[in-house]
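Please keep the sequence and the structure in view while reading.

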Amino acid sequence: MRLNQVTLTVDNMTKACEFYLTLGFTQIVNTAHYARFMCPDGEASFSLTLAEQQSNKSDNRTVIYFEHEQLDEWVNQLIKKGIEFETLPTDQDYLWREARLFDPAGNKIKLYWAGENRLNPPWRVTIRDK
């Protein structure tokens with residue numbers, strides 16, 4: 001089984017698409033109400049759907065994570081392109097290095113590097129499927 005994609009709700013498709021293109025993703029679907037992007041490495045993708053009505057950005061609890069081995073360099077490149085960050089890359093107590101920002105619709109984004117700790121943290125447990 002593989003995860004196909006995650007879909008984020010946005011209130012302005014044009015602004016959202018420009019934002020994700022600036023982050024370096026490749027757009028593969030473009031309609032007035034739906035857009036889909038591929039990540040630069042691997043086969044992962046995510047999509048955007050246009051909200052039917054305006055929402056309060058502070059109500060949005062979505063978080064999407066994008067991993068990059070050269071996190072600090074990537075963040076510096078994005079800052080030069082005008083992307084604003086809530087927090088710059090910081091080492092977390094759960095052994096990931098993360099930077100936090102928001103897309104134009106208020107979706108929280110964490111750019112991070114976890115290396116081996118992404119799937120194999122020291123506290124990993126093994127639970128059998130039922």
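Predicted model: local features only at pLDDT ≥ 70, side-chain atom pairs only at ≥ 80, totals over all residues.

Residues are numbered from 1 along each chain as its sequence is written. Local features need pLDDT of at least 70 and side-chain atom pairs count only at pLDDT 80 or more, while totals for chains, interfaces and linings use all residues; side-chain values use heavy atoms, with hydrogens and water left out.

**Overall make-up**

- The protein has 2 helices and 8 strands, where helices (H or I, at least four residues) and strands (E, at least two) are DSSP runs numbered from the N terminus.
- Read from the N terminus, the order of elements is β-α-β-β-β-β-α-β-β-β.
- The C-alpha trace spans about 45 × 45 × 30 Å along its principal axes.
- Of the 130 residues, 31% are buried; buried means under 20% relative accessible area, exposed over 50%, and partly exposed in between (1.4 Å probe, protein chains only).
- Among contacts with a separation of 6 or more, 51% are between residues 24 or more positions apart; contact means heavy atoms within 4.5 Å.

- E5 pairs with strand E8 (residues 108-113) in the parallel sense over 5 bridges; two strands pair if DSSP finds at least two bridges between them.
- Tyrosine 65 has lysine 110 in E8 as its bridge partner.
- The buried residues of H2 are Leu71, Trp74, Val75 and Leu78. Seen down the helix axis, they fall within an arc of 100 degrees, so they line one face of H2; the arc is that of the directions from the helix axis to the C-beta atoms.
- An α-helix has 3.6 residues a turn, so residues three or four places apart point the same way.
- These buried residues of H2 pack against helix H1 (13-23), E5, E6, E7 and E8.
- Glycine 82 follows H2 and has a positive phi, near 95 degrees.

- E1 and E4 pair in the parallel sense over 6 bridges, and leucine 8 stands opposite leucine 48 in E4.
- Strands E2 (residues 26-30) and E3 (residues 34-38) pair in the antiparallel sense over 4 bridges, forming a hairpin with 3 residues between them. Glutamine 27 has phenylalanine 37 in E3 as its bridge partner.
- The buried residues of H1 are Met13, Ala16, Cys17, Phe19, Tyr20 and Leu23. Down the axis of H1 they fall within an arc of 160 degrees, so they line one face of the helix.
- Asparagine 12 caps the N-terminal end of H1, with a side-chain oxygen 3.1 Å from the backbone nitrogen of threonine 14.

**Serine 47**

- Serine 47 is in strand E4 (residues 45-50) and counts as buried at 0% relative accessibility.
- Beyond its neighbours within four places in sequence, serine 47 is in contact with residues including Gln5, Leu8 and Tyr34.

**Cysteines**

- The count of disulfides is 0, a disulfide being a pair of cysteine sulfur atoms within 2.5 Å.
- Cysteine 17 is in no disulfide, and its nearest cysteine sulfur, that of cysteine 39, is 15 Å away.
- Cysteine 17 is buried at 8% relative accessibility, and cysteine 39 is buried with a relative accessible area of 15%.

Methods
Polar contact = N/O pair within 3.5 Å; in protein donor to acceptor, adjacent residues only side chain to side chain.
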